[in-house]
Amino acid sequence: MHMAHQITFIGSGFGALSTVHEVRKRDAQADITLIAPLVELHYLPGFIWIPYGLRTRQQFIIPLENFFTRMRVRHVVAEVTGLRDGGRWVDSTAGEVRNDALVIASGGRFIKKLPGIEHAITPCEGIAAAERIRDRLKAMSGGTIAIGFAGNPNEPSAVRGGSMFEFLFGIDEQLKRERRRDKFELVCIIDAIDHGTVVFCNEKRQIILPSSRLFRWVKRGFEIAYLRKYK
Ligand SMILES: Cc1cc2nc3c(=O)[nH]c(=O)nc-3n(C[C@H](O)[C@H](O)[C@H](O)COP(=O)(O)OP(=O)(O)OC[C@H]3O[C@@H](n4cnc5c(N)ncnc54)[C@H](O)[C@@H]3O)c2cc1C
């Protein structure tokens with residue numbers, strides 16, 4: 001008799017959800033468990049508009065009840081606290097979960113290796129970080145704002161630095177609009193040359209959005225199309 005594979009996912013971001021989608025397509029029998037604190041997808045690429053009040057947090061929270069039902073996912077509402085036995089057991093705030101295969105997609109928020117990085121606002125952490133940029137910008141009467149990113153030296157292709165340019169140019173634009181750009185110095189710190197924002201990438205080709213006035217609408221169109229499958 002074929003035993004269903006117990007596949008466990010950690011996280012409810014793109015990484016976990018797109019893999020759930022793919023696994024379910026290939027294996028109708030798989031027993032899928034997903035451990036994440038919220039029944040929500042937070043759409044990080046939209047956060048670039050939060051600091052300027054163009055969009056708000058509610059617009060980037062996609063409820064996942066329908067997606068989980070469609071994909072037959074058992075959702076454990078919890079935070080993962082550790083792994084045991086080479087990953088075969090996952091400890092969480094709601095107890096332990098056994099698995100035959102494990103997908104860890106808990107995001108970039110834990111990669112904080114640079115000394116002093118704890119003083120920076122990291123947008124990868126979630127919506128609250130983008131709101132902190134908005135509030136900090138409002139509270140500042142002048143000074144230097146440094147914006148930067150770096151890749152993971154162990155996996156150089158896994159970097160999405162485009163958003164930091166979006167914040168940089170967005171802040172520049174916003175300060176000009178508020179007629180106080182002259183009171184600020186903007187510093188950009190990067191360890192690579194980024195050619196734009198990657199919106200699609202596979203082995204054969206990638207689509208990179210150039211900077212243009214149309215950009216905002218192209219990106220919003222992409223967001224609507226992309227998020228459809230998680231609703
Ligand atoms: C401002 C901004 C703009 C971006 N723009 C683009 C873009 O235009 N194009 C592009 O391709 N990429 C873009 N990115 C990058 C993209 O959003 C990320 O690469 C993507 O979100 C990573 O997905 P993920 O699932 O690995 O992690 P995340 O989306 O960070 O999801 C991590 C998940 O893990 C959960 N989690 C964390 N800790 C635990 C725990 N202990 N236990 C259980 N669950 C946990 C979280 O709640 C969350 O659900 C942007 C990122 C940012 C911040």
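Author: Two strands pair if DSSP finds at least two bridges between them. The model discussed here is predicted.

Reader: Over how many bridges do strand 6 and strand 7 pair?

Author: Pairing requires at least two bridges. Strand 7 covers residues 89-92, and its pairing with strand 6 is antiparallel. One of the bridges joins R84 to W89 in strand 7. The number of bridges between strand 6 and strand 7 is four.

Reader: Which strands stand at the edges of the open sheet, each with a single partner strand?

Author: The open sheet consists of three strands in the order 6-7-8, with antiparallel pairing. Neighbouring strands are turned by 25° against each other on average, direction ignored.

Reader: Which element supplies the largest share of the largest nonpolar core?

Author: This core has 18 residues, and I10, A16, V20, L34 and I35 have the most contacts inside it. At least two core residues come from each of strand 1 (6-10), helix 1 (14-26), strand 2 (31-36) and strand 5 (73-77). The largest share is four residues, and the element that supplies it is strand 2.

Reader: With which residues is L34 in contact, leaving aside its neighbours within four places in sequence?

Author: L34 is among the residues with the most contacts inside the largest nonpolar core. Contact here requires C-beta atoms within 7 Å. Beyond the sequence neighbours within four places, the contacts of L34 are F9, S12, A16, V20, V73 and H75.

Definitions and conventions
Residues are numbered from 1 along each chain as its sequence is written. This is a predicted model: local features need pLDDT of at least 70, side-chain atom pairs count only at pLDDT 80 or more; totals for chains, interfaces and linings use all residues. Axes are lines fitted to C-alpha atoms, for helices over the stretch in contact, and angles run from 0 to 180 degrees between N-to-C directions. A nonpolar core is a set of buried Ala, Val, Leu, Ile, Met, Phe, Trp, Tyr and Cys residues joined through C-beta atoms within 7 Å. A residue is buried if 20 or more other C-beta atoms lie within 10 Å of its own, exposed if 12 or fewer, and partly exposed in between; C-beta atoms are placed from the backbone. Two residues are in contact if their C-beta atoms, placed from the backbone, lie within 7 Å.
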